[in-house]
Every structure is written in C-alpha cells, then in structure tokens.
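This briefing takes the strands first, then the charged pairs, and lastly the nonpolar core. Please keep the sequence and the model in view while reading.

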Amino acid sequence: QVQLVESGGGLVQPGGSLRLSCAASGSIFKINGMGWYRQAPGKQRELVATITSGSSTSYADSVKGRFTIARDNAKNTVYLQMNSLKPEDTAVYYCNGNIIPYGPGPVDYWGQGTQVTVSS
C-alpha cells in the first residue's frame, strides 16, 4: 500500500504565504513525477505544478512567479511554496505521485486534499 498525506493548508490573508507538504509512504520502489492540483468549488480540478524525478518543474500560468514546487527524494516528500496568495487561489489542493510500488506499476496515487483559503 502507498499513501500520500498532505499538510500545511489553512486560512491566509491576500498577499500572504503558505507551504504545503506531501509525504509518500508505504511499499515504494521508486517515485517518478509528482505534482499539485487544485479544485475550487464548482470548478474542475486543475494542474498547478509538476516536478519530475530529475527535478524539472512546470507551472500553470496562473501561478508562475508566485508558487514554487520542490521535492526531497530522501524523504519522499514534495512541497509547494505559495507566495503572494490571491483569493482566486482558494481551493482544495491535492498531491499526486506517479509511483512504482513493490508490485505492478507505475500507479498514480492521490492525497486526501488540504484546504487553502485566501481571504481577508
């Protein structure tokens, strides 16, 4: 079994910062790409940022220059540093990992989501 557990969400004022973390655990042979997605009420889930096993990154246009994705391979953890937050960043943020377990794979795993609310 593989689990992804997110943390770090919360309420922040516009212009503020938050750092999300997502730790993968369980029967993991190798972690390929990881990413962050978000879903606002009444909207479809959208890609926020991705990072490859070699740490190449990509971002949605709406967060470029404000968000930074990083990973710590030794800890099987991916981070999302979010600066200059805007009310439109309010959403549930989900972690995704393309993981090869000790078994058939790779498999896409998802975290349970963490709420980020940007409001004054």
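Trp36 stands opposite Ala49 in strand 5, and Ala49 in turn stands opposite Tyr59 in strand 6. The model is predicted, so local features need pLDDT of at least 70 and side-chain atom pairs count only at pLDDT 80 or more, whereas totals for chains, interfaces and linings use all residues. Residues are numbered from 1 along each chain as its sequence is written, and side-chain values use heavy atoms, with hydrogens and water left out.

- Strands here are DSSP runs of E with at least two residues, numbered from the N terminus, and two of them pair if DSSP finds at least two bridges between them.
- Strand 4 (residues 28-39) and strand 5 (residues 46-51) run antiparallel and are joined by five bridges.
- These two strands, strand 4 and strand 5, form a hairpin with six residues between them, and Gly42 in the turn has a positive phi of about 75 degrees.
- Strand 5 also pairs in the antiparallel sense with strand 6 (residues 57-59), over three bridges.
- Strand 5 and strand 6 form a hairpin with five residues between them, where Ser55 in the turn has a positive phi of about 70 degrees.

- An open sheet of four strands has the order 1-3-8-7, and its pairing is antiparallel.
- Its edge strands are strand 1 (2-7) and strand 7, each of which pairs on one side only.
- From one strand to the next the twist averages 15 degrees, where the axes are lines fitted to C-alpha atoms and the angles run from 0 to 180 degrees between N-to-C directions.
- Strand 1 and strand 3 (residues 18-26) run antiparallel with six bridges between them, and the bridge partner of Val2 in strand 3 is Gly26.
- Ala74 lies in the loop between strand 7 (67-72) and strand 8 (77-82), and Ala74 is exposed, with a relative accessible area of 78%.
- For accessibility, buried means under 20% relative accessible area, exposed over 50%, and partly exposed in between, with a 1.4 Å probe and protein chains only.
- From C-alpha to C-alpha, Ala74 and Leu18 are 23 Å apart in space, and they are 56 residues apart in sequence.

**Salt bridges**

- Side chains of opposite charge can pair when their charged atoms come close.
- A search of the whole structure finds four salt bridges, each defined as a side-chain nitrogen of Lys or Arg within 4 Å of a carboxyl oxygen of Asp or Glu.
- Arg38, Glu46, Arg66 and Asp89 are linked in a network of salt bridges.
- Asp89 is buried, with a relative accessible area of 0%.
- Lys64 and Asp61 meet through their side chains in a salt bridge of 3.1 Å, N to O, and Asp61 is exposed, with a relative accessible area of 65%.

**Nonpolar core and contacts**

- A nonpolar core is a set of buried Ala, Val, Leu, Ile, Met, Phe, Trp, Tyr and Cys residues joined through side-chain atoms within 4.5 Å.
- The largest nonpolar core has 29 residues, of which Trp36, Leu80, Met82 and Tyr93 touch the most other members.
- At least two residues of this core come from each of strand 1, strand 3, strand 4, strand 5, strand 7, strand 8, strand 9 and strand 11 (114-118).
- With contact meaning heavy atoms within 4.5 Å, and not counting residues up to four places away in sequence, the residues that Tyr93 touches include Trp36, Arg38, Leu80, Met82 and Gly113.
- Gly113 has its place in the loop between strand 10 (107-110) and strand 11, and Gly113 is buried, with a relative accessible area of 16%.
- Not counting residues up to four places away in sequence, Gly113 touches Glu6, Val92, Tyr93 and Tyr94.
- Gly113 and Ala91 are 22 residues apart in sequence and 9.6 Å apart in space, C-alpha to C-alpha.
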